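Grab a pencil and work through a few exercises on the structure below. Try each task yourself before you read its solution.

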Amino acid sequence: MTLKRILSRIGALIINAFVMLLSLSCIFPIVWLIYSSLKTEKEFALNIAALPAHPTFENYINAIKTAKMHIYFFNSLFTTVVSVILIVLFSFVVGYFFARYRFAGRNFLYTMFLAGMLIPIHALLVPMFVEFKVLGLLDKRITLILPYVGLGLPMAIFLMENFIKDIPHEIEEAAYIDGATLTTTLFRIILPICKPIISTVVILSSLSSWNEFSFALVLIKSDALKTLPVGLTNFSSQYTVKYTQLMAAITIAILPVIVVYLIFNKRVIQGLVAGAVKG
Amino acid sequence: MERGLFKPKSRVFIGYLALPVLWYVFVVVMPLILALKYSLYDWSGGPRMRFVGLSNYAELIKDTDFWLSFKNNVIITLLCIVGQIGIAFVLAALMTTRVLKFKEFHRTVIFLPVVLSAVVIGFIWTLIYNQQIGILNWVLRAIGLESLIKPWLDDPKIVIYSVSVPLIWQYIGFYLVILMASLQSIPKEIFEAAEIDGADGFKRTIYIILPLLADTLKVSVMLCIAGNMKVFDHIYVMTGGGPGKSSMVMAQYAYNNSFIMFKLGYGSTISVGILVLSLAIILLSRKLMGGKTQ
């Protein structure tokens, strides 16, 4: 073996080691969090890095009993599911009309929706709080669904419109000749074709609803309606910080996302990138 | 476009479009207009609302705390552009070589933090940075670098860097995947030709991959700017803008004014300020970057 080849071997090894280190730095904190949540506070304080000697679910029981994590979990789930269904339905219909018809006001509406992607959400926080307060919409079960759907629409409509544009017109023409109404054509024929883009929209909007924080922080006050991200901040400020219990609470919040990601990671990655690059 | 298509009556259009459009107007357009209105009032949420014209804006222009927050947003943005896109670019270039192993694993794992909520990332890093129980100080101690141990989130001199690290860390995977996607659209022959011509890894990266990725890198920079102008959740959880105002960002400042001090009028003015500054910076950078290639 020549010196040059040995050097390039060593170089390759160093590069691989570095990238591996970076990769591990991305999962280690999460793994550490999860296994530490299975320790008692005492055991954790003794050695913060060691694996739990006697794994216990005590922290989880406390996170549910005292910190009501299960309520936050249900609220997040409810808000996310309803928001995602509405976003898919609305963006599909609006996207279809934008893609297929030139009607009065189309360009105006199109620009209005697209401009929504540029607006920083914090510009809307204060006035929305006031608007909701005046109308008595603060602190209701549907409160968060309103902004989540509204803010999720621009990107979703844009993705849908782009996708539907490329579906051949002949499909609808055939349906029309067969006497199908618009509604039938829309939901029986076009909707199933849109499955791939719908799954992208579902991924994008469920992640953003599940993870959203600012609106949840401002628009919801009662504990019974808080979602996970706000529930977590509540948790750390209200109780004297029990680290392992906080870790259990965080684990409850991230576990569904991680499980979904590990199963569908290719789809999730594709979906998020499609959303960002096309948007 | 409408050739042969079923042409519905206008009440069908209205029937289908009314709800989504009204919904959107109610939660996006209306608040935007209201923000402009409230920004002209002195108002703390009660029945007394005093019209003050543009004096909130005059105050905003002189408000050193606001400009300090803006400066912090800019610092964070610059650090993220260099950190996220820089690291992602190097990784993406490595992904095209045969040197790197376990590519699929790296991609999946480095992307993982992207799907987690900013609040959770904030909490995880608060724990990592923690004085007593933080894993960072534990690692430093373990490798004999105890002198480097710092109150990471409590030292006003370094806090802006401490809060940027989680932001960078969370989104490297995002830019990596964007860059990899556009590298995949480059024909393999180009790389093969370069190899035959004897371009080594470094030359290949600078002369072939960099120019081919120029457009994608520009998009990435725009995304990075837009994302970091509105950074809030991480900061809220980790420092709340402190200690003092050393890690204050615009969104946190608007939040404090509106919901802690209940200056809803002035808070709206700050919101409009954020909107204007963000759009200005995005347009400006678009112009600057567009100019370079032409």
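The model is predicted, so to speak: local features need pLDDT of at least 70, side-chain atom pairs count only at pLDDT 80 or more, and totals for chains, interfaces and linings use all residues. Residues are numbered from 1 along each chain as its sequence is written, chains are lettered from A and ligands numbered from 1 in the order written, and side-chain values use heavy atoms, with hydrogens and water left out.

**Exercise 1.** Compare the reach of helix 3 of chain B with its expected span, then find the residue that caps its N-terminal end.

Solution. Start with the terms: helices (H or I, at least four residues) are DSSP runs, numbered from the N terminus, and the expected span is 1.5 Å times one less than the number of residues. Helix 3 of chain B covers residues 64–95, which is 32 residues. From first C-alpha to last it reaches 45 Å, close to the 46 Å expected. Now look at the N-terminal end: B:D63 is the cap there, with a side-chain oxygen 3.0 Å from the backbone nitrogen of B:D65.

**Exercise 2.** Find the residues that make up the nonpolar surface patch around A:I6, and say how accessible A:I6 is.

Solution. A patch of this kind takes nonpolar side chains (Val, Leu, Ile, Met, Phe, Trp, Tyr) joined within 5 Å, from residues with over 30% relative accessible area and no salt bridge. Here the members are A:L3, A:I6, A:L7, A:I10, A:I14 and A:F18, and together they have about 620 Å² of accessible area (Shrake-Rupley method, 1.4 Å probe). A:I6 sits in helix 1 (residues 3–36) of chain A. Its relative accessibility is 36%, so A:I6 counts as partly exposed; buried means under 20%, exposed over 50%, and partly exposed is in between.

**Exercise 3.** Count the salt bridges, then work out what the one between A:E161 and A:R106 ties together.

Solution. A salt bridge needs a side-chain nitrogen of Lys or Arg within 4 Å of a carboxyl oxygen of Asp or Glu. In the pair asked about, the closest N and O atoms of A:E161 and A:R106 are 3.5 Å apart. A:E161 belongs to helix 7 (residues 145–165) of chain A and A:R106 to helix 5 (residues 106–115) of chain A, so the bridge ties together parts 55 residues apart in sequence. A:E161 is buried at 4% relative accessible area, and A:R106 is buried at 7%.

**Exercise 4.** Where does the salt bridge between B:E104 and A:K266 run?

Solution. The two side chains meet at 4.0 Å, N to O. The pair crosses between chains, from helix 4 (residues 103–115) of chain B to helix 13 (residues 243–278) of chain A. B:E104 is partly exposed, at 42%.

Conventions. Helices (H or I, at least four residues) and strands (E, at least two) are DSSP runs, numbered from the N terminus. A polar contact is a pair of N or O atoms within 3.5 Å; within protein, one must be able to donate a hydrogen and the other to accept it, and residues adjacent in sequence count only if both atoms are side-chain atoms. Patches are made of residues with over 30% relative accessible area and no salt bridge: like charges are joined within 9 Å, nonpolar side chains (Val, Leu, Ile, Met, Phe, Trp, Tyr) within 5 Å. Buried means under 20% relative accessible area, exposed over 50%, partly exposed in between (1.4 Å probe, protein chains only).
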